[in-house]
Structures are given as structure tokens and as C-alpha cells.
Amino acid sequence: MAGKDSGNLKTVRLWRDAALRARKLRSNLRQLTLSAAGGCPEAGADPLESPDTPQLVLPANIGDIEVLNLGNNGLEEVPDGLGSALGSLRVLILRRNRFARLPPAVAELGHHLTELDLSHNRLTALAAEVVNALRELRKLNLSHNQLPCLPAQLGSLAHLEELDVSFNRLTHLPDSLSCLYRLRTLDVDHNQLTAFPRQLLQLPALEELDVSSNRLRGLPEDISALRALKILWLSGAELGTLPNGFCELASLESLMLDNNGLQALPEQFSHLQRLKMLNLSSNLFEEFPAALLPLAGLEELYLSRNQLTSVPSLISGLGRLLTLWLDNNRIRYLPDSIVELTGLEELVLQGNQIAVLPDNFGQLSRVGLWKIKDNPLIQPPYEVCMKGIPYIAAYQKELAHSQPAVQPRLKLLLMGHKASGKTLLRHCLTEERVGGNQGGGDKEKSYPPSPPPGSKGIEVTSWTADASRGLRFIVYDLAGDESYEVIQPFFLSPGALYVLVVNLATYEPCCFPTTVGSFLHRVGARVPHAVVCIVGTHADLCAERELEEKCLDIHRQIALQEKHDAEGLSHLARVVDEALARDFELRSASPHAAYYGVSDKNLRRRKAHFQYLLNHRLQILSPVLPVSCWDPRLLQRLRDKLLSVAEHREIFPNLHRVLPRSWQVLEELHFQPPQAQRLWLSWWDSARLGLQAGLTEDRLQSALSYLHESGKLLYFEDSPALKEHVFHNLTRLIDILNVFFQRDASLLLHKLLLGTSGEGEVEGESFPAMALPTPNQDVLRATQLHHYVEGFLLHGLLPAHVIRLLLKPHVQAQQDLQLLLELLEKMGLCYCLNKHKGKPLNGSTAWYKFPCYVQNEVPHAEAWINGTNLAGQSFVAEQLQIEYSFPFTFPPGLFARYSVQINSHVVHRSDGKFQIFAYRGKVPVVVSYRPAKGVLQPDTLSIASHASLPNIWTAWQAITPLVEELNVLLQEWPGLHYTVHILCSKCLKRGSPNPHAFPGELLSQPRPEGVAEIICPKNGSERVNVALVYPPTPTVISPCSKYLHTFLEN
Ligand SMILES: Nc1nc2c(ncn2[C@@H]2O[C@H](COP(=O)(O)OP(=O)(O)O)[C@@H](O)[C@H]2O)c(=O)[nH]1
Ligand SMILES: [Mg+2]
């Protein structure tokens, strides 16, 4: 990691200096490059790597050569006669060969050699005699060898100015090094030093020092002795803290301190007044280090990957700043004064939690490198910010002429288990009580407002919480019954306030996971950065002590769960880091290692995802708030609390933003007749209203997102199937959804009977049994309807004409029904059993299947579908199985929705509660969901098929679209952690209960060239055909949502 960072940051300036220095040493020298391949000496030729020990012959008459380059020749020895032939040699380059020892011939050249490059060889020791002979040496490069130590004789090279011993195995340096009083540059990075080498403190001329990637675990106080030091690299040195003496390195200009677990800087850090570039990335700073602020000469500042939450306004004092990297922190807002840094050329802010950019941001017009992805931006909207500073400037200009939001509004979601008290709480909160019982404890049954009449499913109401400010909450009461799980996620949107309701009377510590933990996981998976507050109801039924203990327990268990999750994710991120540290070739050679064969690109993507998950945790407000619907005092306290949370500019910036006038007009237009009555508007209808309001198409998107987040309507801009609709008529949409998800037989029957009454004559053709209602037929009809209801609740089956009866109030024309059914299909709630892609039904009844109602455990199975014949023996088919596992939470309703989503890809399907058998063309596929069994076995969803080896591509063809379909669905869950694996075919065939799992990233990688088989480490070293692990053509796996992009482009 340090290496990558440093690589990025080795600024042009540093390289230029080094190059200049090297050229100075070498100018005007006669040069010769020899390569073994052609044998013909030719300056600047590109030598080829040769596998065998090459023979190199020195040409004659080279006595006056001053620079000899024998690099890249695979040499183990220097050519014979080298020492004697080269009387004038000053520079000898032997890099990238296979020397295991210093060639003795070098000693012969020693007395006039000024520069020797032996980097990238296999040196394990340096012979003292040879070193001794190199008296005139100014520059020595021994990097990338295998040296465990350096000889003491090195200290006698009195002219040495530059020494590079990086990338070796040094555990210490010889004491004699302190004699190199001319040494200006020293590279000891990437060794195994365990402390800062004290010898170095006596090197008065040292200007540049690299000790990165050693486990120094601290610096000596008297490091201040290195007064000439200008450039200091200390990346990844496990420093932890800096001593005060560090602040006396007054000549320092460039300082790399990334990756050191630093939490703070010493106070006197500001003494480093010459500092121009400072890298503090990948540390543990939670606060912006104030000691930096007086460093007025700073030009480049890197604070990426820390835990900063804010930036002080005094940053504007860093007036020379050209480069400012603050990516991947937790910064919520920028100080207004940042716009005063008008010299900025690079501003990197991605991966933070910035919602609003300061006014006049357009002033930063010199910024050329601008990164702002992965921030929950609302002002200016995300799309505007992504386009760049000039667009931001234009947007802010329009805004300056608008008025503040007239009606601040916040979406409030009540979630929680069934009967936790959500609905009563909603009634109590929203219905203003005058002269209520102020006694506080008295339980007067008359107090709570009209008790809610049974569960009505999901409900939305508007609550004017603060009339003086005009602040309104749009309250979504999400029914707690399991049957609503499939549709609930549609209502979880960013920017809302989530209230998790817990019944304290029945709460026990053991039911934390089901009553609190799982809800938090779900919300976090869908809206990674959501604001949650926990409300405990039924306080009146608890003793004081009990109340306190239960609230405390909930609080404690939430903290534990959060800690556990974050630690789990950090661990996984470290595994990725370790894999990244090894290079691709090495990774591809070890099938047993994690991330076997995964490309760097995929690993970085994975890393970015973990980083995103770690940076976007839920914002859980503590403490747990106890209420009783019989206690007006507690209720008032809750109201006050909710209002004060909403007041927070940082938590709910949307409430405080200035809205462009056009957005307000757009909203009003949506709720005016005639469009107000319609169930939904197409995106084009909305766009037309937008034009009326003065909004062009590209700006409509942001306005609709705002209306979605503030709860006024539903608009799923990230869903390919639904983004063409704008659901502005929430009441009707929810009414319709509730019809199907109430799971109440008598209610359904009631609706059907209502629907059929007086309809017989008109509907004769679509519902023949009801042509002529007579008393007898009434009974018959009721029985028949009862059957339909039963079939629905048991198998999820309904014919179109019965759906029509259920939706009667919403369906005026046949066309309405068709549109509604299409909508239900698009939402992934049901599919049509007997209609196939565009083919008309020719008059027969269309049947719809709602997979969430399927009760039978296993689908009606055909034995051979798994590749076994009736006798139970497997035949010569190879199994392909892709397994998704979900260690923290399985998205509720995912299996049911996935069942619908795959329908267009399969035929002859048979659905079970947890399993679907179907065909893709003639190839069988099985989709199985396995619920979690304790912590050790998470929920899994797998997609499998089989075929004989020569035809295995048909199995890939069968499962690939299903895999991609699942990836699309999973994009709705940006905060979800899941892993994908390809199970080993050999293990599956053997019936192993615990088959080896190859990383799912391989699915999106091309098959490696020249590899026919891969080793499965599970069973000795069994070989698996590469065609069973890699698909013929890579799939498009991209679990990236709008706010989660990879860092790859950087
Ligand atoms: N004693 C008491 N009963 C409550 C309280 N809040 C809700 N209830 C009762 O708990 C039951 C379930 O409440 P309800 O609001 O329907 O729960 P929901 O399923 O979460 O909407 C109802 O009988 C309510 O009257 C409370 O604070 N104290
Ligand atoms: Mg309820």
C-alpha cells in the first residue's frame, strides 16, 4: 500500500531532480551498451531477456570507454578480461542480471569507478575485499537484491554521495555507515529494519532519506540532528506518533508520512516552515491537524483515507496550496472559506459525506483535477457536481435568484416488528392533543387518540410538526408483517429519518437480532448512510428499572453489532490489501490463496467497495427514546427530539437548502389536476411538466430525486425497469400494493365479493361463471372466490380477471388493468405464467404468480435435472454453480423478486419456496436460496446448471444471464456486503459437502491464456478444466450504484 501511494506521489519535481543529478555525473562520458542477444555493441539498444546463461564477449579496443552498460543480460559473471580491458571505466551498470555475488573483476576497476549499479540481481552478500576497492565510488545502487546485511567496509567509501539499498532483507545497518559524511541520498526503504538506524543521525550532509516500509515503530527524539534533510520518506513505517524533535528538521521540504497509524501531529509541527509537500494519507486522523494551518508555504497536502469529519475554516490560510486531497474521509461539509484557495489546481474530495458545496464554489476556477464522486450531494445536485466547476458556478448563479424552500419537509419512516406500536405511535404523534393528561404516569385509557382499526398495511400521512416554521414530516408507516417484506424496500430512500420502533414491554436481550439488529442491517444495506433513531414503546408497561435496563441493553447491543460488522469489514479489506501486495502472477499461481487469479483491477474495485461500506455506516442516534402512548409528556419529548434532529443542518441538509424556483413549480404541477388523479406519470409526462416549470431534461432528474428523497413521490432513478415512471400518487399506489400484501383471506374475499356485485352482465366474457347471479349461484360464486383466495395465499396464483376484481376501484378500463399488471411485473412482484414475451394469449385466461406466496418447500422436482438419473447415479455431466453469500443480511424479498426477474430468461419453470427449477432453452437451471443457519453459515443464493464438458458453454450460456440479472437487483442494495464464488465442479461431482470456492471475480475476467487446467486445492491437487471455472466470455459484474464507483480511474 505504501508502495502504491508513494508511486502516485513521487512528484515530477522529485524525479526531475534525480534525473538532473544522474545526468550531471554522466555527461560527456564515452558510453557502451552490450547485450548478449546480438553480441554487437550498440549504444542504447534494448537488450532481450534470455533464459540461458548468456555468453558475452567484450569487443576489442574498449580501453577508453567510460560508461559500460551490461544491464538486462541474465549474467551470472562478468565477461572475462573485463577488469584489465577497461582502464578508464567510471560507470558500470550491471542491473537486472543474475549476479549472486560481487564480480571480483569489479575490484580491479575499483580505483577509478565512480558509479556502480547492481540493482535487481540476486546478491546475498557483498565481499569485503571488493567493497574495499571501490574507494572513488560516488553512487552505489544495490536495490532489489537479497542482502540480509551490509559489510562494515561500506563505511570506508568516503566519497559516497548516493546509496540505494532498498528492497533487500536488511534487519540493521553497519555502524560504520556513520562515516559517510558526504552521503546526500540514502534509500533503505522496503527492508526489515526494526528501529530507526541511529548511525544515520551522524550524517550531516544527508538531504534525502527513504526509510519507508520498515517496521520502525517510532523515531528517536534526536532525529533533529538531520538538519540538512529536505526530503524524507517514512511511508508505512508503523510510527504511531512523532517525537517533538521531529519538528526541528527545519530544512524539510517534502515529507511522506502516509500509512503510519498517526492520530495527531506534535504541536510544534508548524515549525517546519519550509514544508511544501506533505503526505498524511492512510492514517487515523479524526480531526484536521491544526498544526498544519500555519504552514503557509505548503503547496501539496494529501490527507486521503483518514477519518476526518470536517475541515477548519482556517484552511484558507494555506494560500499557496495547489493540491489538496481529502478523499475517503467522513467530511460532511466544507468551510465557506475554502473558496479563497483560488490557486488550487487539484481538489480531490471523493468518498466523503458532503451534501452541500459552499456558495461561490465556482471561484475555484483553476481546479483541473476535480474528484467528487461518492458523496451524497444535493446542492448542487450530484449530476451538476460531476460535470465540473463551471457547471457548479452556473447552478449557484441561478440559485442566488431563488427563494428559500417554502415548505421544509422530511420523510420519516416508522419501521419495526409487527405490533411494536408503530401505528398507534403515528396516531399519537401526528394528532395534536389539546389539554391532554399532563399528569405524566397516569394511564387514562381515554388518552390515546382513536386506536388504529387493525392493520391497514403501509400508510402514508402528512404531519405538520412545527407550524411556525412550516416544517412537515411525511410519515411512512411500514407494516411490520413479513408479507410486506417484498415491497418495503421500495420505500427506503436516502435523506429520510428512520424511526425504529421497539416494544419495550416484550423486549428481551435475546430478541435483539430480530427486533432491532436485522432492521438496522436492512436499512444499512439499502441506504448505507441513513439516520436512525430508536424509539421504545409500551414504556407504561415497564417498571422504571426495567425500562432503563432494556434501553441500555439495546444501546449496548447496537454498539456491539456495529463494532462486529466494522471489524469484519476491516478484516476483509485487509485480506484484499494483502492480495494486492502480492503481484498478479503470484496470485495466479496459488489456487488455495484468497483472490486466486483475481486481476488487480477487480481487487481494487473490491477494496473500494469495502472502503465505501466502512465509510458509510448508519448514523444511529442515541439514546433509545422511551415513550408510552398514554403519556403526553413522553410523547412531547419524542416530538421535540424529532424536531431537533431535523434541525441539524449537517444531518438533513435537504431541509435547509434553497430550492430553485423551478423545482417548486414542478412539484405543484405534479399535484394539480388532471395529472394529480393518475396513478403514475411516465417520465415524459413529468418532463413536460418540467418544461412548463422551466426545467430542462437534464435538470429534471435532480428535481425528481429531491422530491423522492423528501418523501413527496417515488422515483426510482437507478432501476432500469422503473425509472420510466414517476409515482406521485402515493395513496393509490400503496392502496394497490396493500391489496396484494395484506395476506388476509377474509379481507381478500370481502374485496372480491364487493368487486363482483352488480358486475355479472358487463363482465360476462371475462368471468363466465358469474353471468347470471341467482341465490344459488351466489353461494357457488363465493365458494369459487374462496378457492381463488386459497390458491393465492398458498401458491401465489391468481387469474387476471380475479386481479381485476381485487383492483376494482382502480380499474376503469381493460387497459388500466393491463398497465397495472405490467407495473407489478416491473416491480418484480409477480409474473405471468402463460404469456411469453409479446405473444398474445388468444383469449385464454392469463394467470399470474406471486412468488412471495409460494409455500411448497421444494419445486415439483424432476430427478435428472441435477444431473442424476432416476437411479440416483450421476451421469457424465459437469456441474456449474455460482454461489452468492450474504454474511450480514439477506435483502428481504430478494428471492421472490429475483424469481420474477428471471422469468423472461427461462421456460418450463417450477417454483418452490426456496428453489426454482427451470430451463434455458434445453439446458436445465436451478436457482436455490438457503437461509442462514447460525453465524457460521450465512444465507446463500446459488445459480446452477450442468452439461457435458464439451458442451459446457451451453451451461454457461444458461446461467450467465441469470447471474447478470441478480447483479442488477443487487445494485438496489449499495450498502450490502456479499461475496460471489464459483464452486469447484470436481468437488460438486464428488458430492463434497464443502466444495472449494473460486473467487467470483473470475467470472468477469477473460480465461487466462495458455492455461488448460486449474488446481483445486480441496482434494489433493485435482485438476479442473479451465472451462469449468471461467465463462467463455466474461460477464459484466458491476455492483456499483450511483454513489459507489470504483477508484479505478484515479
Ligand atoms: N400499553 C401500551 N400499548 C401500546 C403502546 N403502543 C402501542 N400499544 C398497543 O400495542 C398494540 C400494537 O400497536 P400497533 O400500533 O398496531 O403496532 P404496529 O403493528 O407496530 O403498527 C396495539 O394494541 C396498541 O394499542 C404503548 O405505548 N403502551
Ligand atoms: Mg401498524
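A polar contact is a pair of N or O atoms within 3.5 Å; within protein, one atom must be able to donate a hydrogen and the other to accept it, and residues adjacent in sequence count only if both atoms are side-chain atoms. The model is predicted, so local features need pLDDT of at least 70 and side-chain atom pairs count only at pLDDT 80 or more, while totals for chains, interfaces and linings use all residues. Residues are numbered from 1 along each chain as its sequence is written, chains are lettered from A and ligands numbered from 1 in the order in which they are written, and side-chain values use heavy atoms, with hydrogens and water left out.

## Ligand site

An oxygen atom of ligand 1 is 3.0 Å from a polar backbone atom of His538. Backbone N or O atoms of two further residues approach oxygen atoms of the ligand, as the table shows.

| Protein atom | Ligand atom | Distance |
|---|---|---|
| Ala419, backbone N or O | Ligand 1, oxygen | 2.7 Å |
| Gly421, backbone N or O | Ligand 1, oxygen | 2.9 Å |
| His538, polar backbone atom | Ligand 1, oxygen | 3.0 Å |

Taken alone, ligand 1 exposes 580 Å², and the protein buries 74% of that; accessible areas come from the Shrake-Rupley method with a 1.4 Å probe, and for residues only the protein chains shown count as cover. Around ligand 1 there are 14 residues, the closest being Ala419, Lys422, Thr423, Leu424 and Asp540; a residue is near a molecule or strand if one of its heavy atoms lies within 4 Å of it.

Helix α8 spans residues 422-430 and is mostly covered, with seven of its nine residues buried. Here buried means under 20% relative accessible area, exposed over 50%, and partly exposed in between (1.4 Å probe, protein chains only). The buried residues of α8 are Lys422, Leu424, Leu425, Arg426, His427, Cys428 and Leu429. Their cover includes strands β16 (409-415), β17 (459-466), β18 (471-477), β19 and β20 (531-537), together with helix α13 (632-647).

## Overall fold

The protein chain contains 25 helices and 35 strands; helices (H or I, at least four residues) and strands (E, at least two) are DSSP runs, numbered from the N terminus. Of the 1050 residues in the chain, 56% are buried. The accessible surface of the chain comes to about 44,900 Å², and 53% of it belongs to carbon and sulfur atoms. Among contacts (heavy atoms within 4.5 Å) between residues at least 6 apart in sequence, 56% join residues at least 24 apart.

Strands β34 (residues 1013-1016) and β35 (residues 1022-1025) run antiparallel and are joined by four bridges; two strands pair if DSSP finds at least two bridges between them. Within this pair, Ile1014 stands opposite Val1024 in β35. The two strands form a hairpin with five residues between them, and Gly1020 in the turn has a positive phi of about 60°.

## Individual residues

Gln881 belongs to strand β27 (residues 878-886) and is buried, at 17% relative accessible area. Its side chain makes a polar contact of 3.3 Å with the side chain of Ser942. Not counting residues up to four places away in sequence, Gln881 touches Ser942, Ile943, Ala944, His981, Ile982, Leu983 and Leu988.

Most residues other than glycine have a negative phi, and most peptide bonds are trans. Asn259, in the loop between β10 (254-256) and β11 (277-279), has a positive phi near 60°. Asn259 counts as partly exposed because its relative accessibility is 21%. Ser282, in the loop between β11 and β12 (300-302), has a positive phi of about 50°. At 12% relative accessibility, Ser282 counts as buried.

The peptide bond from Ser622 to Pro623 is cis, with omega near 0°, and Pro623 lies in strand β21 (residues 619-626). A cis peptide bond also joins Pro673 and Pro674, with omega about 0°; Pro674 is in the loop between α15 (661-670) and β22 (681-682).

## Confidence

The pLDDT is the predictor's confidence in each residue, from 0 to 100. Its mean over the protein chain is 84, and 87% of the residues reach 70 or more. Confidence is lowest in helix α1 (residues 2-9), at a mean of 43, and highest in strand β19 (residues 497-503), at 97. Over residues 1-13 the pLDDT is below 50, and this stretch has 26 contacts in the model beyond near neighbours in sequence. Residues 1039-1050 also have a pLDDT below 50, with 42 contacts beyond near neighbours in sequence. Where pLDDT is low, the predicted coordinates should not be read in detail.
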